[in-house]
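Below is a report on a single protein chain. Please look over the sequence and the model before reading on.

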Amino acid sequence: MDLLRIYDKRYESRLILGTSRYPSPAIMQKAIIASGAQLVTVSLRRQQSNLAAAQSYVALINAAQVDVLPNTAGCESEQEAITLARMSREIFATDLIKLEIIGDNYTLQPDMEKTLSCVVKLIKEGFKVLPYCTDDLVACKKLIDAGCEVIMPWGSPIGSGKGLNNPYQLAVLRQRLPEATIVVDAGLGKPSHATGAMELGCDAVLLNTAVAQAHSPELMAEAFCHAVKAGRYGYKAGAIQAQEFATPSTATIGMPFRVNE
């Protein structure tokens, strides 16, 4: 089977869904189920501070029968991220951690220097790190050399809905890093954006705002589910090469009848 590899885990779905900014927890749960996602992200820092509300929130996620990928969203320093990662491991009983260390509050671009340094420290503590990163090839190679099996390059700024700002660079990452699991994270706004990322050979997409803030989150989640599958099938099938001239789809060989002039 064509399964998504996230360290030692395997998933049929190649759509990873975020769990924040939904109109209500109930709508969030319906969207998760409609998406077919088997892995969802959760941020301790950005969830309910009320214990009862937080417990109810986690119960809804558990009821959707999905795995949880804790993340360090909102962190700007290594120590913040490490502390949050340790707390998340205790609460959710998983070594998986999506590492986010933001370097610029306007674009929410990750700080790659701090991210790399933090990756090294977390891996030494036994974490399986999925770093949110730029699409810079050299930076991504350093993350992989440090021990990351999964990288999460941005498509465009978080929550922007702009789609893929640099498809060429994502294609280069796929070509130069064939063994890495590449998950496009951030900036996708439409199902067609997800299809495009998958057609480039990326292994999965992670999105949140595009579903959570849609007029119908449940329907949009289902749309992304189909879009991801279509893009993956297209990549696996092998698309024809674009060309500058027309080619008839039906070859002309002789004439099937005589034309009287």
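## Basis of the model

The model is predicted: local features need pLDDT of at least 70, side-chain atom pairs count only at pLDDT 80 or more, and totals for chains, interfaces and linings use all residues. Residues are numbered from 1 along each chain as its sequence is written, and side-chain values use heavy atoms, with hydrogens and water left out.

## The chain as a whole

The chain holds 9 helices and 12 strands. Both kinds of element are DSSP runs numbered from the N terminus: helices are H or I with at least four residues, strands are E with at least two. The C-alpha trace spans about 90 × 40 × 35 Å along its principal axes.

Of the 261 residues, 46% are buried. Buried means under 20% relative accessible area, exposed means over 50%, and partly exposed lies in between (1.4 Å probe, protein chains only). Contact means heavy atoms within 4.5 Å. Take the contacts between residues at least 6 apart in sequence: 67% of them join residues at least 24 apart.

## Helices α3 and α4

Two packed helices are described by the angle between their axes and the distance between the axes. Helix α3 (residues 78-92) packs on helix α4 (residues 112-124) at an angle of about 35°, and the axes are 10 Å apart. Here axes are lines fitted to C-alpha atoms, for helices over the stretch in contact, and angles run from 0 to 180 degrees between N-to-C directions. The crossing of α3 over α4 is right-handed. A crossing is right-handed if the near helix is turned clockwise from the far one by less than a right angle, and left-handed if anticlockwise.

On the α3 side, the contact uses Glu78, Ala81, Ile82 and Ala85. On the α4 side, it uses Lys114, Ser117, Cys118, Lys121 and Leu122. By class, that contact has 5 nonpolar, 1 polar and 3 charged residues. Ala, Val, Leu, Ile, Met, Phe, Trp, Tyr, Cys and Pro count as nonpolar, Asp, Glu, Lys and Arg as charged, and the others, Gly among them, as polar.

## From α3 to strand β6

Alanine 93 lies in the loop between α3 and β6. Its phi is positive, near 55°, in a residue other than glycine. Alanine 93 is exposed, because its relative accessible area is 70%.

Strand β6 (residues 96-99) is buried on both faces: Leu96 and Lys98 point one way, Ile97 and Leu99 the other. β6 pairs with strand β9 (residues 128-133) in the parallel sense over 4 bridges. Strands pair if DSSP finds at least two bridges between them. Isoleucine 97 stands opposite valine 129 in β9.

## Helix α7

Helix α7 (residues 191-199) has His193, Ala194, Thr195, Ala197 and Met198 as its buried residues. These pack against β11 (181-185), β12 and α9 (217-237). Glycine 201 follows α7 and has a positive phi, near 105°.

Arginine 14 sits in the loop between β2 (9-11) and β3 (15-18). Arginine 14 counts as buried because its relative accessible area is 6%. Its side chain makes a polar contact with the side chain of aspartate 2 at 3.0 Å. A polar contact is a pair of N or O atoms within 3.5 Å; within protein, one must be able to donate a hydrogen and the other to accept it, and residues adjacent in sequence count only if both atoms are side-chain atoms. The arginine 14 side chain also reaches the backbone oxygen of leucine 3 at 3.0 Å.

Asparagine 208 is in the loop between β12 (204-207) and α8 (209-212). Asparagine 208 is buried, because its relative accessibility is 16%. Its side chain reaches the backbone nitrogen of threonine 19 at 3.5 Å. Beyond residues up to four places away in sequence, asparagine 208 touches Gly18, Thr19, Ser20 and Tyr22.

Lysine 162 lies in the loop between β10 (150-153) and α6 (167-176). Lysine 162 is exposed, because its relative accessibility is 58%.
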